[in-house]
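This briefing covers protein–DNA contacts, aromatic pairs and record annotations. Please view the sequence and the 3D structure first.

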2 protein chains.
Amino acid sequence: MTKASNTRHTILQKAFDLIYKKGYQTTSIDEIIATTEVTKGAFYYHFKTKDEMGIAIINEIVKPTMQDAFIFPLQNASSPLEEIYRMTESLLFDTPFLKLEYGCPASNLTQEMTPWNEAFAQALNELILEWQTTIEKAIQKEIENGTVRSDINPKQVAYFVMSSYWGIRNFGKAYNDTDCYHAYLKELKQYLDQLK
Amino acid sequence: MTKASNTRHTILQKAFDLIYKKGYQTTSIDEIIATTEVTKGAFYYHFKTKDEMGIAIINEIVKPTMQDAFIFPLQNASSPLEEIYRMTESLLFDTPFLKLEYGCPASNLTQEMTPWNEAFAQALNELILEWQTTIEKAIQKEIENGTVRSDINPKQVAYFVMSSYWGIRNFGKAYNDTDCYHAYLKELKQYLDQLK
DNA sequence: ATAAAAACATACTAGTTAGTATGTTTTAAA
DNA sequence: TTTAAAACATACTAACTAGTATGTTTTTAT
């Protein structure tokens with residue numbers, strides 16, 4: 001990695017941290033360059049606007065991280081249904097960069113930006129769709145294996161799994177307590193088992 | 001209603017509309033007083049700070065609306081399980097002040113404010129807890145009636161129902177399309193039926 | 001080694017923000 | 001009808017915002 005591309009990546013990483021904690025709109029460029037110890041000139045050399053940086057965060061930070069955390073593991077899983085549960089549990093409890101009080105980065109950005117920023121909506125849609133498709137295919141695989149009932153609709157299950165995950169992360173934020181995570185996981189297990 | 005309390009209520013209502021669409025942080029007081037045609041003097045006579053207005057919106061606008069929309073109907077329902085489905089469907093498709101592209105007001109505010117504003121967190125917690133308790137009691141009632149399996153855990157179901165609702169509203173925002181609502185509702189019905 | 005481009009640095013600007021200071025008008029009780 | 005408080009109006013401020021203008025330094029190809 002060259003020095004310049006390292007600067008760029010540092011900005012994206014530190015900006016992501018701030019935005020994950022505080023939201024996109026309320027994280028100022030002055031704040032970003034203060035914590036990265038990069039000057040404004042450097043910042044605007046790498047990014048034409050704040051929004052361009054925001055999109056880059058989605059594509060270059062959030063997307064690869066998400067792919068490593070739950071796209072690839074699920075694609076390679078021998079028991080996809082079990083993997084969905086295991087992965088959810090791991091995301092809620094063991095993923096170090098995800099914090100109870102800050103929720104899910106993709107969900108946060110969707111909520112904040114999507115209604116009025118087309119470019120953010122586009123970038124986030126690609127992200128979400130990839131996740132969704134992976135879950136759908138995982139369920140489809142189970143059906144073909146005969147390990148999930150044939151009357152189950154993979155698309156519906158994908159929406160249900162993802163929605164409930166997004167929702168429970170918002171609950172975690174609200175209560176700032178992992179109790180709801182435990183209750184959610186128990187019910188998720190029930191739900192997934194009943195698909196068999 | 002006196003003229004003064006009418007002014008106050010107008011501010012809260014119009015401010016809610018703006019905040020629901022654009023978020024709390026990015027809705028400025030100047031914008032609120034412009035759309036309400038109220039002066040800054042009037043605004044700051046009724047509310048000491050912007051945050052005080054925000055809390056008032058939760059308690060005086062969001063809370064009563066939510067109680068009318070899904071607390072009271074569920075408390076009085078003869079078939080609570082069916083009512084949960086019917087209500088969710090109605091919230092997604094028929095409730096006029098809720099818009100696909102803007103998500104769920106309570107969820108939006110939770111996501112935006114909770115991590116760093118204690119007063120918002122407190123007000124929203126009360127709101128959410130009331131919703132949660134109502135669903136729990138509804139399931140409990142079904143169990144006592146023998147219309148829901150006795151091994152079902154009402155608390156877990158409440159979390160699952162609410163989380164999935166919050167999540168799917170975020171999906172609606174992301175895709176700006178009701179297709180995901182339809183898929184979600186079908187799966188919600190499956191899930192609820194299986195509790196019987 | 002040199003020149004040109006890439007990468008970064010500093011100082012500034014115009015617009016916006018929540019909130020205040022200091023008024024005037026309206027309401028309602030005596 | 002007077003008077004005091006409630007309700008509102010106007011003009012301002014200090015801090016912050018994204019972005020720019022105009023530089024200097026570093027890197028890289030020749």
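A:Trp131 is buried, at a relative accessible area of 6% (buried means under 20% relative accessible area, exposed over 50% and partly exposed in between, with a 1.4 Å probe and protein chains only). The model is predicted: local features need pLDDT of at least 70, side-chain atom pairs count only at pLDDT 80 or more, and totals for chains, interfaces and linings use all residues. Residues are numbered from 1 along each chain as its sequence is written, chains are lettered from A and ligands numbered from 1 in the order in which they are written, and side-chain values use heavy atoms, with hydrogens and water left out.

**Aromatic pairs**

- Over all chains, the search of the whole structure finds 32 aromatic pairs (rings of Phe, Tyr and Trp, the last by its six-membered ring, pair if their centres lie within 6.5 Å; planes under 30 degrees apart count as stacked, over 60 as edge-to-face and the rest as tilted).
- A:Phe70 and A:Trp131 form a tilted pair, because their ring centres are 5.0 Å apart and their planes stand at 55°.
- This pair links distant parts of the chain, with A:Phe70 in helix 4 (residues 50–75) of chain A and A:Trp131 in helix 7 (residues 118–145) of chain A, 61 residues apart (helices are DSSP runs of H or I with at least four residues, strands are runs of E with at least two, and both are numbered from the N terminus).
- A:Phe70 is buried as well, with a relative accessible area of 9%.
- Ring pairs join A:Phe70 and A:Trp131 with A:Tyr159, A:Tyr165, A:Trp166, B:Phe171 and B:Tyr175 in a cluster.

- B:Phe120 is buried, with a relative accessible area of 0%, and B:Tyr24 counts as buried at 2% relative accessibility.
- B:Tyr24 and B:Phe120 make an edge-to-face aromatic pair, 4.9 Å centre to centre with 65° between the planes.
- That pair also links distant parts of its chain: B:Tyr24 is in the loop between helix 1 and helix 2 (29–36) of chain B, and B:Phe120 is in helix 7 (residues 118–145) of chain B, 96 residues apart.
- B:Lys50 places its charged end over the ring of B:Tyr24, 4.5 Å from the ring centre (a charge sits over a ring if NZ of Lys or CZ of Arg is within 6 Å of the ring centre and within 35 degrees of the ring normal).
- The charged end of B:Lys189 sits over the ring of B:Tyr85, 4.1 Å from the centre of that ring.

**DNA strand C**

- DNA strand C is surrounded by 17 residues, the closest being A:Thr7, A:Tyr45, A:His46, B:Ile29 and B:Lys50 (a residue is near a strand if one of its heavy atoms lies within 4 Å of it).
- Of the atoms of DNA strand C that come within 4 Å of the protein, 63% belong to sugar and phosphate.
- A side-chain N or O atom of A:His46 is 2.6 Å from a phosphate oxygen of DNA strand C.
- B:Lys50 has a backbone N or O atom 2.9 Å from a phosphate oxygen of DNA strand C.
- A base oxygen of DNA strand C lies 2.9 Å from a polar side-chain atom of B:Lys40.
- Helix 3 of chain A gives the most to the surface near DNA strand C, with five residues.

**DNA strand D**

- DNA strand D is likewise surrounded by 17 residues, and the closest are A:Ile29, A:Lys40, B:Thr7, B:Tyr45 and B:His46.
- Sugar and phosphate make up 63% of the atoms of DNA strand D that come within 4 Å of the protein.
- A polar backbone atom of A:Ile29 is 2.9 Å from a phosphate oxygen of DNA strand D.
- A:Ser28 has a polar side-chain atom 3.4 Å from a phosphate oxygen of DNA strand D.
- An N or O atom in the side chain of A:Tyr44 is 3.4 Å from a phosphate oxygen of DNA strand D.
- Helix 3 of chain B gives the most to the surface near DNA strand D, with five residues.

**Annotated spans**

- UniProt, in an unreviewed entry, annotates residues 5–65 of chain A as "domain: HTH tetR-type"; such annotations may be inferred rather than shown by experiment.
- Residues 5–65 of chain A are 80% helix and 0% strand, and the end C-alpha atoms lie 18 Å apart.
- The UniProt annotation "DNA-binding region", also from an unreviewed entry, covers residues 28–47 of chain A.
- Residues 28–47 of chain A are 75% helix and 0% strand, with the end C-alpha atoms 14 Å apart.

Terms used. Polar contact = N/O pair within 3.5 Å; in protein donor to acceptor, adjacent residues only side chain to side chain.
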